[in-house]
Amino acid sequence: MMSMQFCLRSFGIIVAAVFFSELFFSFAHGEEKILSIDTGASCITVDCHAKMGKKKYVHPQSVKGDLCTGCHEITKEGMHLFKDIPSESTGQLCAKCHSEEFKTPPGLKGEPPKIIREDKDLQKHAPFAEGKCTVCHDAHESNFYKHLKKEYPENFYVYFAAGAYDLCFNADCHGGLGEAFAIPRTTTNTKFRNGNLNLHFRHVNKVKGRSCSVCHDPHASLAPKLIRQSFQFGKRDLTINYEKTETGGTCSTTCHKVTHYDRYDPVSNPINVSPVPGKDASFEELQRSRERDLEESKTKKANEPPGESTAPEEGNDNQEGTGLIQ
Ligand code: HEC
Ligand code: HEC
Ligand code: HEC
Ligand code: HEC
């Protein structure tokens with residue numbers, strides 16, 4: 001066994017030595033030395049791209065040795081030279097297989113989920129709208145669910161901890177927002193509140209805290225605020241029926257009876273709820289929060305660059321910066 005390993009190792013060293021001396025030689029002589037490749041052959045061999053496909057979650061397409069050219073366009077026939085894939089062009093690239101309009105190419109095993117569709121009423125999450133799939137997904141593989149780039153829960157029920165949603169709450173995206181989910185009462189941290197009762201906190205905390213994905217689609221949705229039409233619960237598809245109003249919203253889901261929330265005039269809903277921590281805000285406090293919110297939305301509009309529509313249609317929040325949901 002030892003001698004076998006030793007033998008393999010010295011073979012490796014010899015191969016590397018030959019490779020590097022050739023490379024040095026070609027640099028020393030100023031000539032361009034590029035590997036030639038056979039596109040039919042596997043790119044994942046002991047010597048080349050050997051580490052690919054070893055992580056917990058893989059995009060099967062990207063770690064099958066001979067399918068690399070499905071995404072990597074060769075610039076010089078037969079040569080190991082590829083076009084760059086800038087982040088903002090991944091939308092188009094991934095649409096090759098993940099869009100409703102595109103036919104799945106022959107030879108593909110498995111059906112790619114068709115998450116990209118053209119519908120002008122669709123409200124899109126900013127990085128998705130910009131076609132930057134690799135802001136969230138690693139194109140090849142990762143150790144996170146759905147080969148995402150950072151931690152994101154796989155399950156329906158999750159006990160809330162900001163770290164479990166690192167994909168959302170990291171400094172480049174919604175940094176600091178994690179706090180808004182950890183306090184039971186607020187008049188500033190979220191619009192999802194009934195009076196000062198933080199409904200995000202109510203839904204995402206405790207043993208049966210729900211993942212963001214239960215209510216929000218990470219890509220796009222027909223309802224405002226990226227709220228899904230329906231969500232998967234076990235094998236069942238349950239509807240949400242979310243309606244946004246000027247000062248709150250309404251949900252009629254299978255989870256509970258029709259419920260309403262209003263930020264300034266809290267609604268009493270006829271449902272059984274677990275005890276509510278903290279104190280209701282006074283009438284005066286709620287009035288102050290209404291004024292503050294109004295002031296904030298005015299400043300937001302005033303800061304919009306001229307030429308852009310400053311009059312969002314009723315119920316269409318697309319104008320709230322580029323964040324769509326922020
Ligand atoms: C589904 C599309 C897709 C497939 C298939 C794919 N790649 Fe990539 N690859 C990308 C994208 C996109 C990038 C650009 C980096 C980024 O944005 O994450 C990339 C970048 C790379 C890089 C540059 C280093 C890096 O990781 O950023 C290498 C090397 C690479 N790919 C090798 C391969 C090999 C080898 C295969 C086949 C085994 C393969 N890729 C298959 C999409 C793909
Ligand atoms: C050449 C076709 C092709 C391209 C291009 C492609 N995919 Fe896929 N993708 C697939 C197939 C096929 C599956 C389903 C595999 C299965 O069900 O076994 C899939 C599945 C997925 C999944 C779900 C994985 C899971 O674990 O359920 C994600 C996420 C994904 N792709 C993201 C991307 C991203 C991001 C890009 C662009 C960088 C991309 N894909 C480009 C073919 C493709
Ligand atoms: C803001 C982050 C983000 C961006 C940007 C993003 N995704 Fe995703 N994607 C997710 C998350 C989170 C999931 C996990 C699904 C869930 O929990 O709902 C997912 C799931 C998926 C799936 C699997 C769906 C399924 O039914 O299994 C595919 C395919 C996919 N994304 C493709 C893409 C493509 C293609 C793009 C670019 C056009 C893209 N994603 C952009 C966050 C993102
Ligand atoms: C029970 C459903 C539900 C869950 C679970 C949920 N949200 Fe929300 N979220 C909403 C609703 C409804 C709104 C719209 C509030 C409004 O504008 O009236 C919203 C609004 C938002 C906003 C806009 C800013 C704000 O707070 O008003 C962000 C960002 C957001 N949610 C992120 C998340 C993240 C991240 C998670 C997971 C940790 C999550 N949400 C979990 C229902 C939910």
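Donors, as used on this tour, are N, O and S atoms within 2.8 Å of the metal (3.2 Å for Na, K and Ca), and water is not among the atoms, so sites may look incomplete. Before you click: this is a predicted model, where local features need pLDDT of at least 70 and side-chain atom pairs count only at pLDDT 80 or more, while totals for chains, interfaces and linings use all residues. Residues are numbered from 1 along each chain as its sequence is written, chains are lettered from A and ligands numbered from 1 in the order in which they are written, and side-chain values use heavy atoms, with hydrogens and water left out.

**Stop one: ligand 2**

Select ligand 2 and go to its iron atom. The protein donors here are NE2 of H59 and NE2 of H98, lying 1.9 to 2.0 Å from the iron. H59 sits in the loop between β1 (57–58) and α2 (90–98), and H98 in helix α2, so the pair ties together parts that are 39 residues apart in sequence. (Helices are DSSP runs of H or I with at least four residues, strands are E runs of at least two, and both are numbered from the N terminus.)

Now check the angles. The iron has six donor atoms with angles of 85 to 180° among them, making the site octahedral; that label asks for six donors with opposite ones over 155 degrees apart and all others between 65 and 115. Ideal values for six octahedral donors are 90 or 180 degrees.

Colour by accessibility next: H98 is at 19% relative accessibility, so it counts as buried, meaning under 20% relative accessible area (1.4 Å probe, protein chains only).

Then show the shell, meaning residues with a heavy atom within 4 Å of the ligand. Ligand 2 has 19 residues around it, with H59, C94, C97, H98 and K146 the closest. By type, the shell has 10 nonpolar, six polar and three charged residues. For K146, look for a side-chain N or O atom 3.0 Å from an oxygen atom of ligand 2.

**Stop two: ligand 4**

Move on to ligand 4.

- H200: an N or O atom lies 2.9 Å from a nitrogen atom of ligand 4.
- Y261: an N or O atom lies 2.6 Å from an oxygen atom of ligand 4.
- R263: a polar atom lies 3.1 Å from an oxygen atom of ligand 4.

How values were computed. A polar contact is a pair of N or O atoms within 3.5 Å; within protein, one must be able to donate a hydrogen and the other to accept it, and residues adjacent in sequence count only if both atoms are side-chain atoms. Ala, Val, Leu, Ile, Met, Phe, Trp, Tyr, Cys and Pro count as nonpolar, Asp, Glu, Lys and Arg as charged, and the others, Gly among them, as polar. Four donors count as tetrahedral if all angles lie between 85 and 135 degrees; four count as square planar and six as octahedral if opposite donors are over 155 degrees apart and all others between 65 and 115; anything else is irregular. Buried means under 20% relative accessible area, exposed over 50%, partly exposed in between (1.4 Å probe, protein chains only).
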